[in-house]
Amino acid sequence: MAKLVILSEGMTGRSHELKVDKTTIGRVEDNTFQIAEPSVSSHHCEVLLRGTDVVVKDLNSTNGTFIGGEKVTEAVLKPGQTLKLGQIEMRLETGAAAAPSKKPVETTMVIPRGVSLNELEQGTRGGLDTTGKGFTKKDDKVNKIFWIVAIVVGVIIVGLVLFALMSASNPSQ
C-alpha cells in the first residue's frame with residue numbers, strides 16, 4: 001500500500017496511507033490528510049490513484065506543489081520521490097520501499113522569494129501604477145475639505161473673540 005511519509009522537522013515520520021482514489025491535502029480539517037502548517041494552503045493539492053500511478057494535482061496553492069524540486073500543476077509521483085507543499089517535504093513510499101533514510105536537520109528555515117527588482121520596475125504585482133510611472137499621488141478631496149472647514153471655523157472663532165473683546169472694552173454700547 002502506498003503512503004506519504006513527512007520528512008520535515010517537527011512532523012518527521014507522520015504518514016498517511018493512500019487508500020482511496022482521491023486524497024485531499026491541506027491545512028484545514030476537511031482535508032483527508034490535514035497538515036496544520038502555515039506554509040501549506042487550506043486546500044493545497046489532491047493525490048489521485050489512477051491504476052498504478054499516483055498523480056498529484058495542485059489546487060492553486062499559494063506556495064506551490066513541487067516534485068523532486070520542480071513546480072508542478074499535475075504530475076505522477078513515483079515511489080521514493082519527494083513531494084514538497086510549502087515548507088513541508090514528504091516522500092511516497094510503497095510496501096516494497098527500503099527503510100526510510102533520515103533527512104538531515106536543517107537549522108536555517110527557507111524563506112519564500114519576495115518581489116524581484118524586475119517585478120517592481122515592471123509593476124507586475126498588484127498595488128502599483130500600470131502606467132509605468134511608479135506610484136501615483138492620491139487625489140485627497142477629504143483632506144482639502146477638512147482644511148477649508150478648519151480655516152473657516154478658525155476665522156469665525158477669531159471674529160467672535162474680537163467681538164467679545166470690543167464689547168468688553170466698550171460697555172456703553
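Trainee: Which residues have the most contacts inside the largest nonpolar core?

Mentor: They are L4, I25, I35, L77, L83 and M90, in a core of 21 residues. Keep in mind that this is a predicted model.

Trainee: Which elements give two or more residues to this core?

Mentor: Strand 1, strand 5 (45–50), strand 6, strand 10 (82–85) and strand 11 (88–93) do. Strand 11 gives the most, with 3 residues.

Trainee: Take M90. What does M90 touch, not counting residues up to four places away in sequence?

Mentor: The list is L4, V5, I6, L7, F33, I35, Q81, T82, L83 and L85. Among them, L4, I35 and L83 are also listed with M90 for the most contacts inside the core.

Trainee: Now the overall fold. How many helices and strands are there?

Mentor: The protein has 2 helices and 11 strands. Along the sequence, the pattern reads β-β-β-β-β-β-β-β-β-β-β-α-α. Of its 173 residues, 28% count as buried. For contacts between residues at least 6 apart in sequence, 31% join residues at least 24 apart.

Trainee: How do I read a sheet?

Mentor: Start with the pairing. Strands of a sheet pair through backbone hydrogen bonds, either parallel or antiparallel. Here, 5 strands form an open sheet with mixed pairing, in the order 4-3-5-6-9.

Trainee: Which are the edge strands?

Mentor: Strand 4 (33–34) and strand 9 (74–77), each of which pairs on one side only. Strand 9 runs antiparallel to strand 6 (residues 53–58), and 4 bridges join the two. Within that pairing, V56 has A75 of strand 9 as its bridge partner.

Trainee: What should I ask about a salt bridge?

Mentor: Ask where its two ends lie, then how exposed each end is. The count here comes to 3 salt bridges.

Trainee: Where do R50 and E74 lie?

Mentor: R50 is in strand 5 and E74 in strand 9, so this pair also ties together parts 24 residues apart in sequence. Their closest N and O atoms are 3.1 Å apart. R50 is partly exposed at 44% relative accessibility. E74 is partly exposed too, with a relative accessible area of 40%.

Trainee: Are R91 and E93 buried or exposed?

Mentor: Both are buried. Their side chains meet in a salt bridge at 3.0 Å, N to O.

Trainee: Last, the surface. Which residues make the nonpolar surface patch?

Mentor: I145, V149, V153, I157, V158, V161, L162 and L165 make a patch of about 720 Å². One of them, V149, lies in helix 2 (residues 141–169). V149 counts as partly exposed, at 46% relative accessibility.

How values were computed:
Residues numbered from 1 in each chain as written. Predicted model: local features only at pLDDT ≥ 70, side-chain atom pairs only at ≥ 80, totals over all residues. Heavy atoms only, no water. Pairing = 2+ DSSP bridges. Patch = residues over 30% accessible without salt bridge, like charges linked within 9 Å, V, L, I, M, F, W, Y side chains within 5 Å. Areas by Shrake-Rupley, 256 points an atom, 1.4 Å probe, with all protein chains shown as cover. Salt bridge = Lys/Arg side-chain N within 4 Å of Asp/Glu carboxyl O. Buried < 20%, exposed > 50% of the residue type's maximum accessible area, 1.4 Å probe, protein only. Core = buried A, V, L, I, M, F, W, Y, C linked by side-chain atoms within 4.5 Å. Contact = heavy atoms within 4.5 Å.
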